[in-house]
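Reader: Before I plan anything around this protein, could you take me through its pockets and its nonpolar cores?

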Amino acid sequence: PDSRIEIGSNSFKDTNPPKVINTIPFSSSTNVPLDAKLTIFFSEPISSSTANILNFQVTENGISISGTVSSELDKMYFVPNMQWGQNKTYTVLLSGNIEDGSKNKMGSDYTINFTTELKDTVPPQVINSNPADNAIGINIQSPLVFTFSETIDPYSINDSNISVTSQNGLPVQLNYNLSDNILTITPADKYFSGTTHTITLK
């Protein structure tokens, strides 16, 4: 009798839907930079034909935010047309209609939210000085103490931003000590005796 072996062919069909596995920023993130780009990471490459503004919506207090949606393999991006607003909470809705290359849909919508940073636009102010303005009889080696309205950046404390000069325009070499919002200035040697000094903080 003849012996016959039948060999069938098995083909693999992808039936797994794409899933969101990570986002930048993370959901519920705070202090997100105002120039941040949204990035969504999927479990597999997605179809570029479904990676569009219809399936990627961003809102703030119910108002739609316009921007550009793009994709690259397993990532989707969103860049707003205008910079994010300060201290605003945004909601990102990814439609369940996003597909992979085998036309498997996500199936369920995916939502994240994030809150942007609040930039400090108020300059620091000197709220107290010791000695006071126009004080007289100051010891030639006395420290000058300034209290500011907020914490000061230590990198801004330097000879470019601070100066003490005599009434003849002669500069005084200075040492600085900064603690939070309190700046203490001392002369490297001493102030000029018997003359008025001008202190400049830029």
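**Pockets and cores**

Reader: Which element gives the largest share of the lining of the largest pocket?

Author: This is a predicted model, and its largest pocket has a volume of about 640 Å³. Of the 27 lining residues, Pro131, Ala135, Ile138, His197 and Ile199 are the closest to the centre. Two or more residues come from each of β10 (126-130), β11 (144-148) and β15 (197-201), and the largest share, five residues, is that of β15.

Reader: How many charged residues are in the lining of the second largest pocket?

Author: The second largest pocket, with a volume of about 240 Å³, is lined by 14 residues, and those nearest its centre are Pro124, Phe148, Ile152, Ser156 and Lys202. Sorted by class, its lining holds eight nonpolar and three polar residues, and the charged ones number three.

Reader: Which residues of the largest nonpolar core touch the most other members?

Author: In soluble globular proteins, nonpolar side chains tend to be buried together. Here the largest such core has 21 residues, with at least two supplied by each of β3 (38-42), β4 (56-60), β7 (75-80), β8 (89-94) and β9 (110-116). Beyond its neighbours within four places in sequence, Met76 is in contact with residues including Leu38, Ile40, Phe42, Phe56 and Val69. The members that touch the most others are Phe42, Phe56, Met76 and Leu94.

Reader: How many residues are in the other core that lies apart from it?

Author: This other core lies apart from the largest one, and among its members are Ile152, Ile157, Leu183 and Tyr191. Its residues number 12.

Notes. Residues numbered from 1 in each chain as written. Predicted model: local features only at pLDDT ≥ 70, side-chain atom pairs only at ≥ 80, totals over all residues. Heavy atoms only, no water. 1 Å grid on protein atoms, 1.4 Å probe; cavity = no way out; pocket = protein on both sides within 12 Å on 5 of 7 lines; lining within 4 Å. Points joined across faces, edges and corners; volume = space filled by probe spheres on them. Helix = DSSP H or I, 4+ residues; strand = E, 2+ residues; numbered from the N terminus. Nonpolar A, V, L, I, M, F, W, Y, C, P; charged D, E, K, R; others polar. Core = buried A, V, L, I, M, F, W, Y, C linked by side-chain atoms within 4.5 Å. Buried < 20%, exposed > 50% of the residue type's maximum accessible area, 1.4 Å probe, protein only. Contact = heavy atoms within 4.5 Å.
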